[in-house]
Amino acid sequence: MSIQWYPGHMAKAKRQMIEKIKLIDVVIELVDARIPESSRNPLVDEISSGKPRILILNKVDMADDRVTISWAKKYEEQGYSVLKVNAQTGAGTKNIPDLVHRLTVDKRAKLENKGFNSRGDRALILGIPNVGKSTLINRLANKKIAKIGNRPGITTAQQWIKVGKTMELLDTPGILWPKFEDQSVGLKLAATGAIKDDLLDFQDVSVFLLKCLLLHYPHELSKRYNLNDLPQFEVEPTIDDIVTVLDDIGKRRGCMMSGGYIDYDRTAELIIREFRGEKLGKISLERPE
Ligand code: GDP
């Protein structure tokens, strides 16, 4: 799902999120494991108001395992409880209720001390569009929850979904806007499909993707497109290096215009679609410093 965000949307989404967070014990922040930093919304810190938080690296099936491990380590060092998940198959999701239960131990003890029967552990999944929030909710619920309400600004009655014996999950995710400030963040979000395609310049995105592939995944790139004599880049390839590869891929895939010119729009779109369709393998577009 792609949404265009305007200041009014953002203010409303923030207000709604603050209201929702009052109802819950644990915030589950979902990010795309291929671009964990770029797919976070900095507002989560502010609106979580000190509640325990889980950071889920989702789509691990599409990301580079070694890079995902180093991200998980980095976030754990920052104090997050981190899980690596494939919401589509459910891999890694079984640990969620237990982790939520562990994180609510203090709260439950306090309630019991005051003589209250402790209820289920209440959690909310939040994140920017396209990180897999609905897929994860459906997976945890073991059924398809209506998508209605999964849009900023639309309010529906809150429902709690029972997950396992101890956890209750809010049936609609919290949707936050993606980061806008930095061009490279925008390109990463675009490459993974988190930004509406008709807002994109495919050529810019493909140049960015090729730069990353040439630097970190030359083997995967040459295998996919039969590029035999790819140079090994120690530093970022130049635009000329990238255009040479773009030309090569265009020719090999028959993305040509009359007169023997490369059709760069088609070539760019092909590379982006193949990256998104995992045809290039497990690729991470950002790594911890
Ligand atoms: P939302 O906007 O955050 O609710 O994202 P969705 O749940 O609609 O998921 C966006 C896209 O990512 C859909 O095409 C999902 O099928 C896909 N998706 C979600 N989780 C995973 C995952 O773990 N692995 C893969 N490969 N795809 C996923």
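1. A salt bridge here is a side-chain nitrogen of Lys or Arg within 4 Å of a carboxyl oxygen of Asp or Glu. Arg-53 is buried at 15% relative accessible area, while Asp-45 is partly exposed at 49% (buried is under 20%, exposed over 50%, partly exposed in between, with a 1.4 Å probe and protein chains only).

2. Please keep in mind that this is a predicted model, in which local features need pLDDT of at least 70, side-chain atom pairs count only at pLDDT 80 or more, and totals for chains, interfaces and linings use all residues. Residues are numbered from 1 along each chain as its sequence is written, and side-chain values use heavy atoms, leaving out hydrogens and water.

3. Asp-45 and Arg-53 also belong to a salt-bridge network together with Glu-29, Glu-37 and Arg-40. The count of salt bridges comes to 21.

4. Asp-25 and Arg-119 are joined by a salt bridge of 2.9 Å, N to O. This pair links distant parts of the chain, 94 residues apart: Asp-25 sits in the loop between helix H1 (7-22) and strand S1 (26-32), and Arg-119 in the loop between helix H5 (105-113) and strand S4 (121-127). Helices (H or I, at least four residues) and strands (E, at least two) are DSSP runs numbered from the N terminus. Asp-25 is buried at 5%, whereas Arg-119 is partly exposed at 36%.

5. Do look at Lys-211 and Glu-236 too, a salt bridge whose closest N and O atoms are 3.6 Å apart. Lys-211 is in helix H8 (residues 202-216) and Glu-236 in the loop between helix H9 (218-225) and helix H10 (239-252), so the pair ties together parts 25 residues apart in sequence. Lys-211 is partly exposed at 26%; Glu-236 is exposed at 51%.
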